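Student: I'd like to learn how to read a model like this one. Can we go through it together, feature by feature?

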Amino acid sequence: PQGIGSPSVYHAVIVIFLEFFAWGLLTAPTLVVLHETFPKHTFLMNGLIQGVKGLLSFLSAPLIGALSDVWGRKSFLLLTVFFTCAPIPLMKISPWWYFAVISVSGVFAVTFSVVFAYVADITQEHERSMAYGLVSATFAASLVTSPAIGAYLGRVYGDSLVVVLATAIALLDICFILVAVPESLPEKMRPASWGAPISWEQADPFASLKKVGQDSIVLLICITVFLSYLPEAGQYSSFFLYLRQIMGFSSESVAAFIAVLGILSIIAQTIVLSLLMRSIGNKNTILLGLGFQILQLAWYGFGSEPWMMWAAGAVAAMSSITFPAVSALVSRTADADQQGVVQGMITGIRGLCNGLGPALYGFIFYIFHVELNELPMPESPPGGSVVAQYHLQQNSIIPGPPFLFGACSVLLALLVALFIPEHTNLNVRSSNWKKHCGSHGHPHSPQAPGEAKEPLLQDTNV
């Protein structure tokens with residue numbers, strides 16, 4: 001088979017690291033270009049662009065996953081990475097084309113779906129959790145380091161060098177897939193599948209969501225996930241722009257914020273989560289995470305000083321324990337042969353939120369006229385002492401209206417979660433449920449701004 005060595009998790013790890021490292025470098029330049037391209041309605045346009053990308057990813061992920069079962073993973077790794085990184089060089093060539101290509105690239109920007117399928121091909125059931133954890137940690141590590149590097153290079157050498165470097169890393173990733181990544185799908189399984197038709201059920205992104213109402217407990221869990229992840233998805237799409245434009249953070253401050261938040265989130269999802277699960281139980285951990293999320297969203301919404309953003313960011317790291325705890329509760333509540341179906345519903349809802357959340361946040365910013373007509377001064381020190389000059393030009397009591405809307409949404413999620421029973425005595429029986437469902441059950445699987453995981457991996461052929 002083409003590639004270097006036999007298929008391994010390390011091939012998948014390198015692909016993910018290079019892709020998101022390239023995009024992480026562009027964090028600061030993207031915020032500047034976004035405001036310069038859409039000076040009047042920056043937040044609205046950002047929400048629409050990310051919303052279209054998220055919805056297209058949600059709609060296309062099941063089909064791409066099903067096709068990769070027939071034609072192999074390597075070709076679709078190449079396809080998804082190419083289209084995800086295609087907009088990068090356009091940032092300096094034509095900003096309008098840059099944002100247009102970003103929005104339509106959502107059709108193929110589902111690298112995580114193919115990567116998790118790749119890992120599932122080459123790992124045993126008992127190894128898969130650790131393998132997914134390694135992929136997730138790599139994703140987090142790339143975003144912890146790259147924004148700071150990009151901000152530094154942009155300040156010293158200019159944004160053009162950062163774009164060239166990001167483009168070179170994206171090309172390196174594509175070349176790595178072409179030359180070094182071997183096919184993970186066994187050869188003996190592909191010829192028999194070449195003539196196999198792709199059923200609509202496999203390609204239907206709403207197939208898993210149609211089963212939501214069949215069980216009252218699952219329905220409560222899904223409502224909780226929807227109400228809590230909708231504001232989270234919107235926050236991911238606009239928060240760093242909010243820090244830059246409204247709170248007066250410098251590029252270096254935004255990069256440092258991302259790094260600190262990433263490190264604290266990793267600690268929260270590993271050490272803190274395990275301690276809480278053992279001490280207060282699964283359901284109470286979910287409630288605690290939702291409580292932290294309400295606090296941090298309210299803090300973001302009413303916060304008017306940079307130190308408030310930093311303090312709320314620490315609380316936001318603690319709120320990241322919610323989804324891993326939900327995944328664990330689902331794995332306990334559902335029978336073994338229903339794990340993939342239920343986890344698929346949860347992932348489908350999160351994918352839908354990745355499209356709706358950014359658009360909703362952008363629309364709320366637009367309604368409340370949260371926008372600026374000029375960029376914050378680049379000379380502003382970390383933390384932004386000139387924030388007062390750049391706060392909302394309207395005398396608004398609420399600096400961040402969408403975050404307060406998000407806090408209300410999560411409050412509803414908390415009330416719904418109170419009615420979820422905590423089942424701990426189910427007998428897990430062995431069955432032949434599809435191996436790809438493991439990608440949904442792993443607690444630390446990330447969800448990047450604008451990219452939805454495949455809802456129907458568990459329904460694929462392999």
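**Contacts, core and helices**

Tutor: Let's start with Val 135: leaving aside neighbours within four places in sequence, Val 135 is in contact with Val 9, Val 13, Ile 16, Phe 112, Val 115, Phe 116 and Val 119. Contact here means heavy atoms within 4.5 Å. This is a predicted model, where local features need pLDDT of at least 70 and side-chain atom pairs count only at pLDDT 80 or more, while totals for chains, interfaces and linings use all residues. Residues are numbered from 1 along each chain as its sequence is written, and side-chain values use heavy atoms, with hydrogens and water left out.

Student: Which residues touch the most other members of the largest nonpolar core?

Tutor: In soluble globular proteins, nonpolar side chains tend to be buried together. A nonpolar core is a set of buried Ala, Val, Leu, Ile, Met, Phe, Trp, Tyr and Cys residues joined through side-chain atoms within 4.5 Å. Buried means under 20% relative accessible area, exposed over 50%, and partly exposed in between, with a 1.4 Å probe and protein chains only. In this case the largest core has 110 residues, and Val 135, Ile 221, Tyr 242 and Met 309 touch the most other members. Helix α11 (residues 216–245) gives the most to this core, with 13 residues. Domain 1 (1–185) and domain 2 (212–372 + 400–422) both give residues to this core, so it lies between them. Those domain bounds come from an automatic or database domain assignment.

Student: How many helices and strands are there in the protein chain?

Tutor: Both are DSSP runs numbered from the N terminus: helices are H or I with at least four residues, strands are E with at least two. The chain has 19 helices and zero strands. Of its 462 residues, 60% are buried. Among contacts with a separation of 6 or more, 85% join residues 24 or more positions apart.

Student: Where do the buried residues of α4 fall, seen down its axis?

Tutor: First its length: the expected span of a helix is 1.5 Å times one less than its number of residues. Helix α4 (residues 73–85) has 13 residues and reaches 18 Å from its first C-alpha to its last, close to the 18 Å expected. Its buried residues are Arg 73, Lys 74, Phe 76, Leu 77, Thr 80, Val 81, Thr 84 and Cys 85. Down the axis of α4 they fall within an arc of 165°, so they line one face of the helix; the arc is that of the directions from the helix axis to the C-beta atoms. Their cover includes α1 (9–25), α3 (42–71), α7 (111–122) and α9 (159–179).

Student: What is Phe 76 in contact with, beyond its neighbours within four places in sequence?

Tutor: Phe 76 contacts Ile 64, Leu 67, Ser 68, Trp 71 and Val 114. Phe 76 is buried, with a relative accessible area of 6%.

Student: And Ile 49, buried or exposed?

Tutor: Ile 49 lies in helix α3 and counts as buried at 8% relative accessibility. Ile 49 and Ile 102 are 53 residues apart in sequence, yet 7.3 Å apart in space, C-alpha to C-alpha.

Student: Last one: how many disulfides are there?

Tutor: A disulfide is a covalent bond between the sulfur atoms of two cysteines. The rule here takes a pair of cysteine sulfur atoms within 2.5 Å, and the count comes to zero. As for individual cysteines, Cys 175 is partly exposed at 42% relative accessible area, whereas Cys 222 is buried at 2%.
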